Amino acid sequence: METSVAESFRNGIVLITGSTGFLGKVLTEKLLRSCPVKYVVMLVRSKKELNANQRVANIYKQKLFDRIRLEKPDFTKSIKVIEGNLEELSMGLSLNDFEWIVENVNFVFHCAATIKFNEPLDLASKINIQGTENLLALASKMKNLKGFVHVSTAYSHCPRNEIKEEYYKVPVTVTELKNKLIDNVPTSNIIENWPNTYTFTKAVTENVILTNENRLPISIFRPSIIGCTKSEPEPGWLENMNGPTGLVTGVMVGFLRTMPNIGSNITDMIPADYTVNALISVMWDTVNRHKQSNDVSLEAPKIYNYVSCVESPLSWGRYIREMHDQYYVAPPLQSMWYGFYIFYTNLIIGSILRFFLHRIPGAFMDLMLILSGKSPKMLRMYSKSEGMIDLLYEFSMRQWIFDNRNTRELWQSLSEDDKNEFRFSLKAFDWKSYIEAYYHGIRKHILNEDISNVEKALSKNYKLLRLHQLCVVLIILLIFHFCWMFIKYLF
Ligand SMILES: NC(=O)c1ccc[n+]([C@@H]2O[C@H](COP(=O)([O-])OP(=O)(O)OC[C@H]3O[C@@H](n4cnc5c(N)ncnc54)[C@H](OP(=O)(O)O)[C@@H]3O)[C@@H](O)[C@H]2O)c1
């Protein structure tokens, strides 16, 4: 009989790359809380004068670990930190650490990546492609490896309209890519119809895994857009402003006032805790498949698309509308203006709206900052945020047809107990409560506002609304005035 998902990790040593990132943290917390692992090994690079141990010590203090701190107060005893950098030869591991990993590690979750859409191609290739090659080389030496799951993205082959759980061709092999980079071939000629270096390098990496000669017990997991947690360890946990979170936060505080009209399009969002449950279940499936059959190592590594659009599609329109409903209930106290937005479909109109709604107020606020002896920052912030919206444009305007049969079959194969402990099915997903948790998660974890300030925030928001209405009336009067002057001038 197959062991349960949690039991398959009993006394196991699990190596996680990217454990300081958004997904990696949720994965680490869940493994430590729900699985009887011996150690979770976090491969971490030193950064900003902090070494790996210091960085991890700061992570335990985060709210995400509040629940496990209560349930398993000595959870840190099951964490081992190893200093390493995917970009370096042998991943910058000391000889001792290298040997320890080779002797002991049983499971590898490869989450580390640069997820910046506009990362220079040579750096994106170094981290995402070369980094994975380095890790695969290390994994092939591991004496007791049971499973390896590589985290890719559902959009790795985004130039296609239909994305199945299959491998697709990429324009270059890794060797060709390296040569083109040495020859300084322009990025756009290399990545062809991929919209950015992130998805391109993720696509090339999938083929690196397919063609890897050391037939490892490996699978590829492709999540779509990872949002806040649905319920574990608490509803609404998130920590960065990536993707839709940045847009919503910008509108909530009255900073962003115009954006492309994406209302009826589907946004393929998935909760972070469900994503981690699916990822852990993929490891369980990978280990079982390889344990049960010797021939499986000759097959192409299995791919699992983890998307919401197949079973519970959510439109951007509904997401934005329901976020806004929460705004009326609990606006943020630190709003700089009343939260409103005007959609545009035409990019020229969009530029005009950006000029009037972002650039003019931004320049005015910068002037105020300069006059009060502070450094200007608003125009710079607008330029950065609009750049981010432009980078996301392709992903908010396009629709893909995804197939997720492997993921759905995996869900069906779980026992009832596992389904409860590692819930990830998105069938009939309750978006209403999720969006509510998302809004309050942004308020709590991104804007650092406690729900106790709501009364004060509502009162401030009412004044901002009145000020906003006054400005609208003044602008309409000004427009009438200029039209009147123009007509008088003509006749
Ligand atoms: N977030 C999403 O919506 C989403 C959607 C689909 C797929 N994914 C995939 O999920 C994975 C995790 O994404 P995320 O959102 O958690 O990203 P993230 O928050 O940016 O985390 C990236 C992680 O990778 C690590 N890393 C980057 N370069 C490294 C290097 N050279 N050596 C060692 N570690 C390095 C980072 O470490 P530092 O802390 O040292 O920088 C960080 O821990 C990625 O593979 C991504 O492609 C994410």
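Helices (H or I, at least four residues) and strands (E, at least two) are DSSP runs, numbered from the N terminus. By that scheme, Ser90 is found in the loop between strand 3 (79-83) and helix 4 (95-104). The structure is a predicted model, in which local features need pLDDT of at least 70, side-chain atom pairs count only at pLDDT 80 or more, and totals for chains, interfaces and linings use all residues. Residues are numbered from 1 along each chain as its sequence is written.

**Overall architecture**

- The chain contains 17 helices and 13 strands.
- Its C-alpha trace spans about 90 × 55 × 45 Å along the principal axes.
- A residue is buried if 20 or more other C-beta atoms lie within 10 Å of its own, exposed if 12 or fewer, and partly exposed in between, with C-beta atoms placed from the backbone. Buried residues account for 39% of the 491 residues in the chain.
- Two residues are in contact if their C-beta atoms, placed from the backbone, lie within 7 Å. Of the contacts between residues at least 6 apart in sequence, 84% join residues at least 24 apart.

**Annotated domains**

- UniProt positions are given in the numbering used here, feature names are shortened, and annotations may be inferred rather than shown by experiment.
- An unreviewed UniProt entry places the feature "domain: Thioester reductase (TE)" at residues 16-278. The end C-alpha atoms of residues 16-278 lie 16 Å apart, and this span is 40% helix and 15% strand.
- The feature "domain: Fatty acyl-CoA reductase C-terminal" is placed by UniProt (unreviewed entry) at residues 357-449. For residues 357-449, the end C-alpha atoms are 26 Å apart, with 71% helix and 2% strand in the span.

**Ligand shell**

- A residue is near a molecule if its C-beta atom, placed from the backbone, lies within 6 Å of it. There are 26 residues around the ligand, of which Gly18, Thr20, Gly21, Ala112 and Ala113 come nearest.
- The shell divides into 12 nonpolar, 11 polar and three charged residues. Here Ala, Val, Leu, Ile, Met, Phe, Trp, Tyr, Cys and Pro count as nonpolar, Asp, Glu, Lys and Arg as charged, and the others, Gly among them, as polar.
- At least two shell residues each come from helix 1 (22-34), helix 5 (121-141) and strand 8 (225-227). Helix 1 gives the most, with three residues.

**Helix 1**

- Helix 1 has 13 residues and reaches 19 Å from its first C-alpha to its last, close to the 18 Å expected at 1.5 Å a residue. The expected span is 1.5 Å times one less than the number of residues.
- Helix 1 is mostly covered, since 11 of its 13 residues are buried. Among these buried residues are Phe22, Lys25, Glu29 and Lys30.

**Backbone features in loops**

- The peptide bond from Glu232 to Pro233 is cis, with omega near -10°. Pro233 lies in the loop between strand 8 and helix 9 (244-252).
- Ser90, a residue other than glycine, has a positive phi near 50°. Ser90 counts as partly exposed because it has 13 C-beta neighbours inside 10 Å.
- Ala428 is likewise not a glycine and has a positive phi of about 50°. Ala428 sits in the loop between helix 15 (416-421) and helix 16 (431-446), and is exposed, with 8 other C-beta atoms within 10 Å.
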